[in-house]
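Please keep the structure open while working through the points.

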Amino acid sequence: MDELFPPFAPDPNEPRPRRFKPVPFRMIAPNMITLMALCLGLTAIRLAFEGKFEPAVIAVVAAGVLDGIDGRVARLLKGTSRFGAELDSLADFVNFGCAPALILYGFVLFHLKSVGWIVALIFAIAMALRLARFNAMLDDPNRPDWKKDFFVGMPAPAGALTAMLPLYLHFLGFGLEKWAAPAILIYVLCIALMVVSTVPTYSGKTMGKRVPRSLVLPIFLFGVAAFGILISYPFEALVTVSAGYLLTIPVVAAQYRRRAKAELAAATGEGTAAANPVGPV
């Protein structure tokens with residue numbers, strides 16, 4: 001029996017097993033914020049199934065706030081990673097694609113039966129396609145710096161928050177019952193098309209890198225006032241922000257076209273000057 005099971009003696013020259021390197025907390029903190037946002041999105045779906053649409057909407061709005069924080073925290077702590085980017089995209093699909101689609105279907109689109117469900121599917125899939133395109137464009141090395149001020153199409157958080165505008169109006173006392181279902185269906189479909197469109201929208205990513213000293217105190221006061229209004233009159237504030245955002249889209253698109261024409265004119269001028277150099281005769 002001793003020959004069948006000889007004693008095992010480890011080779012002293014055998015390399016030690018690799019140990020995982022410790023991960024700094026600055027890499028973990030942004031991902032924790034993303035996971036909290038994902039928990040809010042999943043909770044919103046549960047609340048929609050239970051017919052609690054008001055807290056479900058608030059959960060999606062809170063997820064949108066956390067989504068705007070996690071990326072900035074990652075850049076501030078220098079904790080950006082490919083893992084964090086992929087996790088953020090998956091969380092955005094749940095929070096701003098699946099959750100609003102199910103909330104809208106449970107709120108009013110179910111009155112239209114299969115047609116309402118198809119529009120809810122279109123909205124969710126549009127979010128998935130928009131996020132996939134956004135991730136692909138991050139790797140474009142030839143993208144001009146000025147285009148960082150613009151998104152291609154409506155971003156996922158803005159698409160989700162504006163799509164739920166009918167719910168905000170309902171919570172304010174505007175009766176949106178079965179009769180309003182066709183109009184809401186058309187509205188949600190238009191938002192889904194805007195999400196996957198190439199219409200430029202404002203990104204705001206470059207805003208706030210340098211703030212003049214004279215504007216610091218007014219910005220503090222404005223932030224406190226905006227927070228107070230959002231807490232005291234949440235749905236009135238959401239209606240105002242959603243309507244204002246939709247109204248600014250044509251203005252931003254016109255600004256994008258002007259900057260694109262200016263870049264094209266500058267490139268054409270440089271090409272003409274290179275083709276016809278002026279020198280001594």
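The numbered points below take up aromatic pairs, a surface patch, a cavity, a backbone angle and salt bridges in turn.

1. Please keep in mind throughout that this is a predicted model. Residue numbers start from 1 along the chain as its sequence is written.

2. Aromatic pairs. A search of the whole structure gives five aromatic pairs. One of them joins Phe 150 and Tyr 256 in an edge-to-face arrangement, with 5.2 Å from centre to centre and 85° between the planes. The arrangement is called edge-to-face because planes over 60 degrees apart are counted in that class. Phe 150 belongs to strand E1 (residues 150-152) and Tyr 256 to helix H9 (residues 234-275), so this pair ties together parts that lie 106 residues apart in sequence.

3. Exposure of the two partners. Is Phe 150 buried or exposed? Phe 150 counts as buried, with a relative accessibility of 3%. Tyr 256, in contrast, is partly exposed, with a relative accessible area of 22%.

4. An aromatic cluster. Ring pairs also link Tyr 168, Phe 171 and Phe 235 into a cluster. The reader may wish to locate these three rings in the structure.

5. Val 211 has a relative accessible area of 43% and is partly exposed.

6. The cavity. How many cavities of 30 Å³ or more does the structure hold? There is one, and the volume of the largest cavity is about 30 Å³. Its lining consists of Pro 200, Thr 201, Tyr 202, Tyr 245, Thr 248, Ile 249 and Val 252. E2 and H9 are the elements that give two or more residues to this lining. The largest share, four residues, comes from H9.

7. Most residues other than glycine have a negative phi. Lys 113 is not a glycine, yet its phi is positive, at about 55°. The residue is found in the loop between helix H3 (82-107) and helix H4 (114-138). Lys 113 is exposed, with a relative accessible area of 63%.

8. Salt bridges. Side chains of opposite charge can pair when their charged atoms come close. The count here comes to three salt bridges. In one of them, Arg 82 is bridged to Glu 86, and their closest N and O atoms are 3.2 Å apart. Both residues lie in helix H3, four residues apart, which is about one turn of the helix. Arg 82 is exposed at 51% relative accessible area, whereas Glu 86 is partly exposed at 35%.

9. A salt-bridge network. Salt bridges that share partners join Arg 46, Glu 50 and Lys 52 into one network. Arg 46 bridges to Glu 50 with the closest N and O atoms 2.9 Å apart, and Lys 52 bridges to Glu 50 with the closest N and O atoms 3.4 Å apart. Arg 46 counts as exposed at 52% relative accessibility. Glu 50, at 39%, counts as partly exposed, and Lys 52, at 42%, also counts as partly exposed.

Technical notes
This is a predicted model: local features need pLDDT of at least 70, side-chain atom pairs count only at pLDDT 80 or more; totals for chains, interfaces and linings use all residues. Side-chain values use heavy atoms; hydrogens and water are left out. Rings of Phe, Tyr and Trp (its six-membered ring) pair if their centres lie within 6.5 Å; planes under 30 degrees apart count as stacked, over 60 as edge-to-face and the rest as tilted. Buried means under 20% relative accessible area, exposed over 50%, partly exposed in between (1.4 Å probe, protein chains only). On a 1 Å grid over the protein atoms alone, a cavity is a set of points where a 1.4 Å probe fits but cannot get out, and a pocket is an open set with protein on both sides within 12 Å along at least five of seven lines; lining residues have an atom within 4 Å of a point. Grid points are joined across faces, edges and corners, and a volume is the space filled by probe spheres set on the points. A salt bridge is a side-chain nitrogen of Lys or Arg within 4 Å of a carboxyl oxygen of Asp or Glu.
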